[in-house]
Amino acid sequence: MSRRCEIPDRLLRGMNEPDWSPTLKTLLRIEQAIGDDPAWPSHDVYSWHEAKDEVGFIFCRNRKVSERDANTFGPVLDVYAKDVSEEDRLSGLAALSNVTVIDVTAEMPTEFFISKHAQTACAALGADYTGKREVVRFV
């Protein structure tokens, strides 16, 4: 693996351990080396972007849309495909009857606000939680 990825083997040591903490550069080198392998989970990614700060990083992959996904999530994908502002995108998603919109912009990540509850979710739960503010508590 080290030779295939052209990185020192010390960077791969412990990769099967839960506390392995590679750099983004190491992960990208691995993905570049084996990304075309059909067994690689990200082989169907057509683009990606990253966000990072002093604590860590998020690596977002954009995948090719399967026929099944297009049929299931077509209206949502159509909203995301438009080159519009985030506010317009959010309005477009909120206009879809089977989409729940949850605002997670509160200072505390465990707090959220259900700005629109999907009709199918309301029917399944027997209640409409639109406008409800929640705080997730971990025990």
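Tutor: Start with Cys5, which is buried, at 4% relative accessibility. Keep in mind that this model is predicted.

Student: Why does Cys5 count as buried?

Tutor: Buried means under 20% relative accessible area. Cys5 has 4%, so Cys5 counts as buried. Cys122 is buried too, at 14% relative accessibility.

Student: How many disulfides are there?

Tutor: First the general idea. A disulfide is a covalent bond that joins the sulfur atoms of two cysteines. The test here asks for a pair of cysteine sulfur atoms within 2.5 Å. By that rule, the count is zero disulfides.

Student: Now the charged side chains. How many salt bridges does a search of the whole structure find?

Tutor: General idea again. Side chains of opposite charge can pair when their charged atoms come close. The search of the whole structure finds three salt bridges.

Student: Which residue forms a salt bridge with Arg13?

Tutor: Asp9 does. The closest N and O atoms of this pair are 3.5 Å apart. The cut-off for a salt bridge is within 4 Å.

Student: Is Arg13 buried or exposed?

Tutor: Arg13 is exposed, at 56% relative accessibility.

Student: What about Glu86 and its salt bridge?

Tutor: Glu86 pairs with Arg89, and their closest N and O atoms are 2.8 Å apart.

Student: Where do Glu86 and Arg89 lie, and how are they separated?

Tutor: Both sit in helix α4, residues 86-94. They are three residues apart, so about one helical turn separates them.

Student: Which residue does Lys132 pair with?

Tutor: Lys132 forms a salt bridge with Glu134, and the closest N and O atoms are 3.2 Å apart. Lys132 is partly exposed, at 34% relative accessibility. Glu134 is partly exposed as well, at 25%.

Student: Where is Glu6 found?

Tutor: Look in the loop between α1 (2-5) and α2 (24-34).

Student: Is Glu6 buried or exposed?

Tutor: Exposed means over 50% relative accessible area. Glu6 has 63%, so Glu6 counts as exposed.

Conventions
Residues are numbered from 1 along each chain as its sequence is written. This is a predicted model: local features need pLDDT of at least 70, side-chain atom pairs count only at pLDDT 80 or more; totals for chains, interfaces and linings use all residues. Side-chain values use heavy atoms; hydrogens and water are left out. Helices (H or I, at least four residues) and strands (E, at least two) are DSSP runs, numbered from the N terminus. Buried means under 20% relative accessible area, exposed over 50%, partly exposed in between (1.4 Å probe, protein chains only).
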